[in-house]
Amino acid sequence: MAATLAFDTDRVFIGGRWQAPASGGQLPLLNPSDGSVLVPIARGGPADVDAAVHAAHAALAGDWGRMSATERGRVLQRISARVLEQADELARLEALDVGKPLKQGRADAVALARYLEFYGGAADKVHGETLPFANGYTALTLREPHGVTGHIVPWNYPMQIIGRSVGAALAMGNACVLKPAEEACLTALAFAHIAHDSGLPAGALNLVPGLGEEAGAALSSHAGIQHISFTGSVATGALVQAAAARHAVPVTLELGGKSPQIVFADADLDAALPFLVNAGIQNAGQTCSAASRILVQRPVFEEVLRRMAERYRALRVGPALSDLDVGPLISARQREIVQRYLRLAQDSGLRIAAQAEVVADAPDGGFYLPPTLVAEVPPEHALAQEEIFGPVQVVIPFDDEADALRIANGTPYGLVAGVWTRDGGRQLRLARALKCGQVFINNYGAGGGIELPFGGVKLSGHGREKGFEALYGFSTLKTIAIHHG
Ligand code: NAD
């Protein structure tokens, strides 16, 4: 289904102007729900990235750089209000583009507005300190923007990731160059329109859609960038960090995960069940913080498995605009990757505990894959070690607390973990011992957690976004020592 949109989609946005990319090239954007071409997008490249970086520097030397922190905050608040006004349309675009059910698209639009509200409110509340120093001196620190920040984002949650990274960077007074993913960039384009219409000065936000190895590589290796925020795969993150290192540019890496939820026998299972399943199938499992491993203590293993399986069988999978429980995967390629893991599960003789069904009238060309629950997976098996990035959860039994901790920490990743238990001592012991960036006790995901710092350890990356902490990441500290005698 081709989309009718209120704006041209095959443009880059540089210095406040929409224009054709320097190459004149286009890329097709596919609708994952039926495989058709939605619209063409711009194939931005190195010349566009270079122009965007220059426009960003010009903005820092001009209106944007001169704006007070309070006024910057007001601009972000205005953008937030307009995003909320247009939440239904943004949800529709995200559903068409990413394949996620409308309700998830709407939640993402509300989250984008909330990030802008949060960072707009925080813009004039970040400050330096005065420091005790030698007699005859006054010493202080200033929080300053890095300058031009590059933002490379993936296709799975474009609105949320733009909100948390571009929102925080703008609040601190940086000028941004945003490279959305080639698989999904409609809401990035819509966001740039909304920001411009809300009075964001020209050049404060520049947008260059294009291929990762062209526009993305040009951005991460550009000498005129002062900070890069990258969200995506481990392999690409390593390339981005290596490219940025040539100019000693700091990089925040938000990478993948193999996050566990750990269910002890004393847990409130009624409370846990919805979180166990939702955190695996939300966005068809294409979520960095998906709970792709469910660790269950043996006395309740069969009960948890049976109740999860019941929920799986009730899931309805179909086109994004039908707003069911689960949509298609982003692409045929992504589906093939996930199918490979399912074939491996079969070849390894693993127990398929349940599989959902795709609705009968789902278009043939869509990239559908029924959510699948795999039971009693050995912790060292590839299905329990590697990020699948699809609607597949593995359920692993454990004996005691030490066993649970060993399995939970036993992957190369460390993004998020969930713990379900009524034992207060165990809650705190595990919260401290789990090697990851966020731990949720008797909940998971905490409703998005805009206020909560987020990021990983090990292969899940480094640096923190979300919450107030992000504002430190998107600024640099200057120390001033004044000798006055
Ligand atoms: P990806 O690494 O292939 O792409 C991410 C972005 O990088 C895209 O914009 C892409 O165009 C760009 N890119 C690709 N090659 C590049 C290069 N050579 N130089 C610079 N940029 C390049 O990742 P993906 O498959 O699109 O996204 C899925 C991955 O993202 C998963 O591993 C997932 O866990 C991770 N992710 C992490 C978070 C988080 O917050 N930790 C959030 C969402 C997704």
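Guide: What follows is a short tour by question and answer. Keep in mind that this is a predicted model.

Visitor: What makes this a protein of domain 1 and domain 2, and where do they lie?

Guide: The bounds come from a domain assignment, automatic or from a database. That assignment gives domain 1 as 12-255 + 463-480 and domain 2 as 260-448. Their centres, taken over C-alpha atoms, are 31 Å apart.

Visitor: How many residues from each domain take part in the contact?

Guide: Domain 1 puts in 25 residues and domain 2 puts in 27 residues. To count, heavy atoms must lie within 4.5 Å.

Visitor: How much area do domain 1 and domain 2 bury between them?

Guide: About 2,000 Å², with 57% of it on carbon and sulfur atoms. On the domain 1 side, Pro32, Ser33 and Trp155 lose the most area to domain 2. Together they make up 25% of what that side buries.

Visitor: Why are lysine 103 and aspartate 323 called a salt bridge?

Guide: The rule asks for a side-chain nitrogen of Lys or Arg within 4 Å of a carboxyl oxygen of Asp or Glu. Here the N to O distance is 3.3 Å. The pair therefore meets the rule. Between domain 1 and domain 2 the count is one salt bridge. Polar contacts between the domains come to twelve residue pairs.

Visitor: Which helix gives the most to the side of domain 1 that touches domain 2?

Guide: That is H4, with five residues. Helix H4 (87-98) and helix H5 (102-122) each supply at least two. By type, the residues on this side are eleven nonpolar, six polar and eight charged.

Visitor: How do you know that aspartate 266 and arginine 426 form a salt bridge?

Guide: Their closest N and O atoms are 3.7 Å apart. The cut-off is 4 Å, so the pair qualifies. Aspartate 266 sits in the loop between strand E12 and helix H10, while arginine 426 is in helix H15. The two are 160 residues apart, so the pair links distant parts of the chain. By this rule the count comes to 27 salt bridges.

Visitor: What makes E3 and E4 a pair of strands?

Guide: Pairing needs at least two bridges. Strand E3 (residues 26-30) and strand E4 (residues 37-42) have five, in the antiparallel sense, so they pair. Leucine 27 stands opposite isoleucine 41 in E4. The hairpin has six residues between the strands, and glycine 35 there takes a positive phi near 80°.

Visitor: Why are E5 and E24 said to stand at the edges?

Guide: The open sheet has three strands in the order E5-E6-E24, with antiparallel pairing. E5 (130-131) and E24 (475-483) each have a single partner strand, so one side of each is left without a neighbour in the sheet.

Visitor: How do you know that E5 and E6 pair?

Guide: E5 and strand E6 (residues 137-145) share two bridges. The rule asks for at least two, so they pair. Leucine 131 stands opposite alanine 139 in E6.

Methods: Residues are numbered from 1 along each chain as its sequence is written. This is a predicted model: local features need pLDDT of at least 70, side-chain atom pairs count only at pLDDT 80 or more; totals for chains, interfaces and linings use all residues. Side-chain values use heavy atoms; hydrogens and water are left out. Buried area is the accessible area (1.4 Å probe) that two parts lose on being put together, summed over both. A polar contact is a pair of N or O atoms within 3.5 Å; within protein, one must be able to donate a hydrogen and the other to accept it, and residues adjacent in sequence count only if both atoms are side-chain atoms. Helices (H or I, at least four residues) and strands (E, at least two) are DSSP runs, numbered from the N terminus. Ala, Val, Leu, Ile, Met, Phe, Trp, Tyr, Cys and Pro count as nonpolar, Asp, Glu, Lys and Arg as charged, and the others, Gly among them, as polar.
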